Amino acid sequence: MPTDRPTAAELVEAVREFLADDVAPNVEGQLAFHTRVAINALAIVERTMAQGGAMDAAELARLRELLGQDGDLAELNGALSRAIRAGEMDGKRGALLEHLRQTAQDKIALANPRYLTPRG
Amino acid sequence: MEALQDPDKTASEQLAAVLRDRLAEEYGTGTEIVALVRLSGGASRETWSFDAVMPDGTRRPLILKRDPMDRQVDKQFEGVPGGRLAVDRWTEGRLLQLAGEAGAPVPTVPFFLAKDRRTTQGFFSHRMEGEALGRRILREDAYAVARPKLAFQVGHAAARFHGIARDLLPPMRGLPAAGELQHYRTIMDSFHQPHAGFEYGFRWLQERLELAGERYTLNHGDFRNGNILVNGDGLCGVLDWESAHLGNPNSDLGWMCVRSWRYGYHDKVVGGFGDVSELLDGYEAGGGGRIDPAEIYFWQVFGTLRWGILCMILGFTHIDGEQRSIEYAAIGRRAAETEYDLLQLLE
């Protein structure tokens, strides 16, 4: 990935600002609604570029600890899902729930951080 | 700048011709169609508002709900014959009639629209005054008197339509609790995206299936704040019956308690406007019997998980290309909210 500026993150930010400042005030109805949705989607991309790497690393470390095996994020999430379905995690519910809650909280922090505050 | 062609304008001119012909059969030749507008909301169906003006000048405010003209095929899933549990527009209209006869507040359905080369299948209803936007119902002063009554009233209404005798119902698909759980799990599996949080929800529910309850009746299928019509006095209509099916009636009550329709008013579990005890009091008063809150808790968990799977369905409707849509793509990410809610519920 080139490191020249504007970076990919800065380009996404520029597109989001263009939609918010130039497009949104000049459209109405369904188009206005979809413009707001698009702005939110780009904000998700920006948050993911900024925080996603650290979240992935932490999730991977938790999965390795919980499952006692190695692999990448997709492999270990697949293994954990199969283990839950097979009832193999029933004996470690506390640790499982702690991991799942942290993972869900991270997902929300990217997808819709306002959801974590009241009246969000 | 040249004006953009408004696709709804062309569609509305074509629909106006269909409506003039159809309404002439009901109200007489010369009936005019005025103020025809497409209402927002619901990408999967078309809802139109208009007034029919009869030859003697009488005005009838009406709503037409029909299948979309541009997309006829609902999403299908590996291992799920028939796809989502849902009904066609004629069945939906018929269910509104039956619910009204059973004493639930619903719009009156006077007649139907047959599919032909100019239109998809639909049904008409008398247009009622009221607010359907959940956020406004919870926030605006105009509904301050209505809000404290709503939990009881939605419970009462549900008891009325859950009580409709099975032999009166049109043919519908349905599943008992264990089957419905499997239905949504199979849909999730069809996306080949492992989801540990939802797996834990399925596991939790499977271990507690005895809490589901035994009854098997008509389910509204999308009974929530957002699909109810409210005026200053309280509940005046139960809308949007397209997800109706046969199943455990507690599913409707638990769905009403899912956090996503509280619009931030989380201290009021039922739709953001009331408590479970009021909901169950209303249900009992409506003739539905006394329901154990533990059953509602089970179905609230089920509903939260089901909403997560429905978010995935919309996300993959975009990803798989059945309907490319920024709105569907964004809803796909709302699965994270339901996963969070689910894990909070399972303390």
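**A helix, an interface and a cysteine**

Student: At 1.5 Å a residue, what should helix 3 (residues 73-85) of chain A span, and how far apart are its end C-alpha atoms?
Tutor: Helices here are DSSP runs of H or I with at least four residues, numbered from the N terminus. The expected span is 1.5 Å times one less than the number of residues. Helix 3 of chain A has 13 residues, so it should span 18 Å, and its end C-alpha atoms agree at 18 Å.

Tutor: Some ground rules: this is a predicted model, where local features need pLDDT of at least 70, side-chain atom pairs count only at pLDDT 80 or more, and totals for chains, interfaces and linings use all residues. Residues are numbered from 1 along each chain as its sequence is written, chains are lettered from A and ligands numbered from 1 in the order written, and side-chain values use heavy atoms, leaving out hydrogens and water.

Student: How much area do chain B and chain A bury between them?
Tutor: Interface size is often given as the accessible area lost when the parts come together. Here that's the loss with a 1.4 Å probe, summed over both parts. The contact (heavy atoms within 4.5 Å) takes 30 residues from chain B and 29 residues from chain A. Of the buried area, 57% is on carbon and sulfur atoms, and the total is about 2,800 Å².

Student: How many salt bridges are there between chain B and chain A?
Tutor: A salt bridge is a side-chain nitrogen of Lys or Arg within 4 Å of a carboxyl oxygen of Asp or Glu. Arg85(A) makes one with Asp189(B), the closest N and O atoms being 2.8 Å apart. The count between the two chains is five.

Student: Is Cys236(B) buried or exposed?
Tutor: Cys236(B) lies in strand 8 (residues 234-238) of chain B, a strand being a DSSP run of E with at least two residues. Leaving out residues up to four places away in sequence, Cys236(B) touches several others, among them Pro105(B), Met128(B) and Leu229(B). Its relative accessibility is 12%, so Cys236(B) counts as buried.

Methods: Buried area = accessible area lost by both parts, 1.4 Å probe. Buried < 20%, exposed > 50% of the residue type's maximum accessible area, 1.4 Å probe, protein only.
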